[in-house]
Structures are given as C-alpha cells and as structure tokens.
Amino acid sequence: MSVRRIFIAGHRGLVGSALVRRLQHEPDAQLLLRTRQQLDLSNQQDVAQFFERERPDEVYLAAARVGGILANDTRPAEFIRDNLVIQTNVIDAAWRNGVRKLLFLGSSCIYPKLAPQPISEDSLLTGPLEPTNEWYAIAKIAGLKMCQAYRKQYGFDAICAMPTNLYGPGDNFDLAGSHVLPALIRKFTEARRAGADEVEIWGTGKPRREFLHVDDLADACVFLMKHYSDAPPVNVGWGEDISILELAQLVASATNYTGRLHFDSSRPDGTPRKLLDVSRLSALGWKPSISLVEGVRSTVTWYGEKRDRND
Ligand code: GFB
C-alpha cells in the first residue's frame, strides 16, 4: 500500500485539529504536522524549504487568522495581511513542489451581505460584502481565486471548500476574539456556576446563522479530497439556520442556565442571515450527521471538562 504524506497547515486550530482526528486512523495516511514554533507559515522562505524537504502529496490549508464579529471589525489589518500571506506562501510552495492536491478552506462570509438565501456558490462577487468582516472575506476570496488561477494556468489540482459558521472542541473561547457559539457556551457556563441571573448577548438576537460541527466539516473535506477536482468552490453547511435568540435558548438549556437573557443592541448584528445552499455537495453524495442540539451538548461537556482541568 502506498502512503500519502498529508500536510495539515494549522493542525492546532479548530478545523486543523478536527482534520487530525479524522485522518489519523486512515491506514495509508502519514500526517505531517508542524506547530507555529516549528514552522512560521508567514515566512515565505521557511515554507518553501519545508515543502522542498518534506514533499507532501496532499495539503489541507486550514491555517488562518480567524475570529468573530468583534475581532474582525477591530483588527482588519491583521485579518487581511495574515491570511493573504499564509495562503499565498502555502499554495505557491505546494504547487512548486509537486503536491498532488490541495484543499483551501474559505468561509461563508465571502458571499455578498444581502445574497439571496440559501446562498449558492454562484453568488460570489455579485454584491457588496458585510462591512464587519470584508477584510477577512477579501483575503479568502483572493485565496479561492489563487487556487482557480493555479488550476487554469498550471493545472494544479487545488479545490476550495466554503464552510458555514463552525463550532466544536478546540474552539476559541476568548470572549474578545471568539464566534458566537463558544462565547455563549462560556457565558452561560460561567453564569450558571456563579449563580448570575442575567447573561448579556450581543446585538438584537434577530440575525440568523447556520452552524456546522467541525467534525462534520473535517469529514466533508476528506470526502472532497477524494471525490472532487474542479475550480468552483463547494459550500459545506448543515442546511438549516436559527436566530441568535433561539441559539441562546438552546445553549441556556444545554448548560442548565435558567436566568434572563439581556440583548445589547449597541453591539453589531453583522449580516442579517447566512444560510448556505449545499446542493452541490449533496449532489456529490455527502451529508452532515451531527445535529446542532447534539453538537452543542457535547461541546458544552468538552468545555466544562476543560475548565475543570484548568487548561
Ligand atoms: O459568530 P459571530 O461573531 O460572527 O456573530 P458572524 C454572530 C452573531 O452573534 C452576531 C451575535 O449577530 C453577533 O452580534 N452575538 C451575540 C455574539 N452574542 C455574541 C457574543 O457574545 N460573541 C459573538 N462573537 N457574537 C463571522 C465573521 O461573522 O463569521 C468571520 O466575522 C467568519 O469573518 C465567521 O466568517 C464564520 O457570523 O457575524
């Protein structure tokens, strides 16, 4: 049996660690993993030397500067710079060193703020972006276009997956940088443990979001690596969305919090709705399996155990 040398860029992040869990038991997979201390992906020379030396067969490009609405809105330079640099270094070095296939991870925020729902891949570049995260979105659009350009000019088999809002074990629970689901899990867990009678939720509670468990995303990425080789991006989502108010009620129930919810409407709502059209991926034969209720419960348990261990 021939061995596939697989580089997972960003293997300590939410997505990268899920890819490690998914791929580590594949009998023909040999995982190449480097921490930030071992390999600085923003250093072009280091990345080029790594690829020349290690010669991976496949690359999952999950390394990125990511964050929730506040981090995106307040640190735009970091979001556009770090993502452009990391993805350019990795995609170019992969192609130059004979990588057989690369999967680039984008985000549903590449689509216009007011795209028709559910959002099809064909909505790309048809209207203005959501202002709170346009810097990150522009970087991710550039990554997607770079993959398409390398395929067109060089025949490089680079594919692009566009996931919806993700959550799960290994997420960022820092309230200044996190996405809404880990933020709510932390706020409700702390409120229940402290006996607090109110939890603050940003915005009006009316925006609608779709959430996918990161283990489902990792499975979809491995599926696409095996079964898809084309230029258009592929949306990866659950197929249904819920309001932030409904999400807060779900997390309150999963954490046994019984106090009040206070909505701070001075905080931004962001895009009003973000539900992906997943028909392209469904037609290829993949579907997710971890429901939001089940995924939130297991992530609440994971987070509680992590806090108890103090790590
Ligand atoms: O998940 P989130 O930060 O990002 O926020 P986006 C989603 C919604 O939840 C917004 C509300 O309407 C927030 O105002 N929200 C309520 C909260 N309470 C909280 C809280 O305590 N923390 C946070 N973070 N939100 C991101 C983009 O947009 O989605 C990224 O900024 C990326 O670029 C990611 O694309 C997937 O869904 O609005």
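The structure holds 10 aromatic pairs. A pair means two rings of Phe, Tyr or Trp (its six-membered ring) with centres within 6.5 Å; planes under 30 degrees apart are stacked, over 60 edge-to-face, and the rest tilted. This is a predicted model, in which local features need pLDDT of at least 70 and side-chain atom pairs count only at pLDDT 80 or more, while totals for chains, interfaces and linings use all residues. Residues are numbered from 1 along each chain as its sequence is written, and side-chain values use heavy atoms, leaving out hydrogens and water.

One of the pairs joins Trp-95 and Tyr-150. Their geometry is edge-to-face, at 5.5 Å centre to centre with 85° between the planes. Trp-95 sits in helix H4 (residues 76-96) and Tyr-150 in helix H5 (residues 134-154), so the pair links parts of the chain 55 residues apart. Helices (H or I, at least four residues) and strands (E, at least two) are DSSP runs, numbered from the N terminus. Trp-95 is partly exposed, with a relative accessible area of 23%. Tyr-150 counts as buried at 13%. The cut-offs are under 20% for buried, over 50% for exposed and in between for partly exposed (1.4 Å probe, protein chains only). Elsewhere, ring pairs link Phe-7, Phe-50 and Phe-51 into a cluster.

Now turn to the ligand.

Backbone atoms reach ligand oxygens. A backbone N or O atom of Ile-69 lies 2.8 Å from one oxygen atom of the ligand. For a polar backbone atom of Pro-268, the distance to a ligand oxygen is 2.8 Å. For Asp-269 it is 2.6 Å. Taken alone, the ligand exposes 700 Å², and the protein buries 98% of that (Shrake-Rupley method, 1.4 Å probe).

What about disulfides? A disulfide is a covalent bond between the sulfur atoms of two cysteines. With a cut-off of 2.5 Å between cysteine sulfurs, the count is zero. The sulfur of Cys-147 is 3.9 Å from its closest cysteine sulfur, in Cys-160, which is too far for a bond. Cys-147 is buried at 1% relative accessible area, and Cys-160 is buried at 2%.

Terms used. Polar contact = N/O pair within 3.5 Å; in protein donor to acceptor, adjacent residues only side chain to side chain.
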